[in-house]
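Please find below my comments on the model under review. They proceed from the overall fold to the contact between the chains and then to local detail.

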2 protein chains.
Amino acid sequence: MKLTQIRNATLLLEYAGTTFLIDPMLAEKEAWEGFAGTARSHLRNPMVALPVQVETLLAADIVIVTHTHMDHWDDAAQKCIPSNKLIYTQHQADAELIRSQGFTNVRVLQDENVFTDGLTIYKIEGQHGSNDAYAVPPVAERLGDACGLVFTHHDEQTLYIAGDTVWVKPYLKALQRFAPDVVVLNIGDAHIDEFGPIIMGAQDTLRTLQVLPAATLVASHMEAINHCLLSRRELREFTQQQGIADRVAIPEDGESLTF
Amino acid sequence: MKLTQIRNATLLLEYAGTTFLIDPMLAEKEAWEGFAGTARSHLRNPMVALPVQVETLLAADIVIVTHTHMDHWDDAAQKCIPSNKLIYTQHQADAELIRSQGFTNVRVLQDENVFTDGLTIYKIEGQHGSNDAYAVPPVAERLGDACGLVFTHHDEQTLYIAGDTVWVKPYLKALQRFAPDVVVLNIGDAHIDEFGPIIMGAQDTLRTLQVLPAATLVASHMEAINHCLLSRRELREFTQQQGIADRVAIPEDGESLTF
């Protein structure tokens, strides 16, 4: 597989002969305001430019939107992506939203999605914030649902893109069930006011490697959105201090990794 | 429906013409030691006697074991319950364990279980401890899986037995999806060393009623096991202070409620 970190959670993935564009956020640098009610909301988003031409991304066969927060599916993506592109969503509600935006070929991921060539994509539950955040209905409503994705194929290593989630039991269960070789962590330590982290942070590399010592982790969702507080430099220092630097890839935007 | 609080999480439920025995812990008072590594482990379990004759419970049509921790499925239950009793478990691993204990009619609950008379039981994911607890593999292993149960029938109110879980997103989603009229909360605030609560506590009554203001909550899993720190008296005072005493039933062991 070839995995390219584009920007924030946007990934380009070539896997078993198919190219996936995941969580396209395609806006120009500083196109919109920081997310209100989150850390450093005075900063404009995206904080950095796309490292590639949009056309490169639009050549993907399939788009997967793990959830419809603006830093995963933005106005620019809605304008640039052809309306007949095949798009998968986590559930019916997101599919209906994206259809209402003019897209005509939108499908809903099931728990297990078997493609004819032997590729299987599993949808994994996430939790996009702390238990306390999900105990306050308006906060829970704003955080909503987000899914992870496990890719398996007999000719490929197993890949788990964990998506926007904190460490919850379903994440652990997915690690144990699939024993992925590669785990993409959205690890920018995004914070909302009062309720703290809504995605993973540096400690989750250690925790993941306790479960899967041989896995390679890939750090994503960093240095692009106002509320992501963990920098690549800080994460690099952390992994060096912890002796796990060889197990945690921290690609720059535009950098590709091959597994 | 008629719901009888037996002791700890053990419930006798008459629902749509069928009688369910849920989470049978049938040992005599103080039959075994307190759970090591949990609060007040010097106390012996169960801390109180069964309030009814075991025979009353064995007349149930179906047994459901939400998980196989000893305070939900104990040696005494394994001795007393006839080996051909129909027993439902949360997953294959629990079914295999119970079959290995000599039971011959053990089935696994699916996410949705439709019975011929219109009764449907939904299995709901729980998380039997904090996110931090599930980030430490041996702690996660000990806590394991536990499920909740939603009962629906056209002639009955909807009942959600939340089971051994803390407040996590799947609990909120179940409240929102099924809008249960009655919610049984395992609310004894059981604590394990270092990682805090592994089931619900007093605050979860308030949180649940914020989502479902018209629901009736039933407090269970109290005052029977060493590590359950919340007493009925304390919960009663809390609900009175919060003005929700009329929405939270706190049955004594042996007490029945009809809805």
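**Comments on the predicted model**

1. In chain A, 61% of the contacts with a separation of 6 or more join residues 24 or more positions apart. The coordinates come from a predicted model, and the remarks that follow should be read accordingly.

2. The secondary structure of chain A consists of 7 helices and 16 strands. Its C-alpha atoms occupy a box of roughly 50 × 45 × 35 Å along the principal axes.

3. How are the two chains related? Chain B is laid on chain A, with an RMSD of 0.0 Å, by a turn of 180° and a shift of 0.0 Å along the axis. This is the relation of a two-fold axis. Within chain B, the residue whose C-alpha comes closest to the rotation axis is B:Asn131, at 4.0 Å.

4. At the interface, 14 residues of chain B are in contact with 14 residues of chain A. On the chain B side, the elements giving two or more residues are helix H4 (137-143), helix H5 (169-178) and helix H6 (203-211). Of the elements of chain B, H6(B) gives the most, with 3 residues. By class, the chain B side divides into 9 nonpolar, 3 polar and 2 charged residues. The copies meet through the same surface, because 100% of the interface residues of chain B are also interface residues in chain A.

5. The largest nonpolar core has 149 residues, and A:Ala219 and B:Ala219 have the most contacts inside it. Leaving aside residues up to four places away in sequence, A:Ala219 touches A:Leu185, A:Ile187, A:Leu235, A:Val248, A:Ala249 and A:Ile250.

6. Strand E1 (residues 2-7) of chain B is mostly covered, with 5 of its 6 residues buried. Which strands pair with E1(B)? One is strand E2 (residues 10-15) of chain B, in the antiparallel sense over 5 bridges; B:Leu3 has B:Leu13 in E2(B) as its bridge partner. E1(B) and E2(B) form a hairpin with 2 residues between them, and B:Asn8 in the turn has a positive phi of about 50°. Another is strand E16 (residues 256-258) of chain B, also antiparallel, over 3 bridges. There, B:Thr4 of chain B has B:Ser256 in E16(B) as its bridge partner.

Notes. Residues are numbered from 1 along each chain as its sequence is written. Chains are lettered from A and ligands numbered from 1 in the order in which they are written. This is a predicted model: local features need pLDDT of at least 70, side-chain atom pairs count only at pLDDT 80 or more; totals for chains, interfaces and linings use all residues. Helices (H or I, at least four residues) and strands (E, at least two) are DSSP runs, numbered from the N terminus. Two residues are in contact if their C-beta atoms, placed from the backbone, lie within 7 Å. Ala, Val, Leu, Ile, Met, Phe, Trp, Tyr, Cys and Pro count as nonpolar, Asp, Glu, Lys and Arg as charged, and the others, Gly among them, as polar. Copies are superposed by least squares on the C-alpha atoms of residues with pLDDT of at least 70 in both. A nonpolar core is a set of buried Ala, Val, Leu, Ile, Met, Phe, Trp, Tyr and Cys residues joined through C-beta atoms within 7 Å. A residue is buried if 20 or more other C-beta atoms lie within 10 Å of its own, exposed if 12 or fewer, and partly exposed in between; C-beta atoms are placed from the backbone. Two strands pair if DSSP finds at least two bridges between them.
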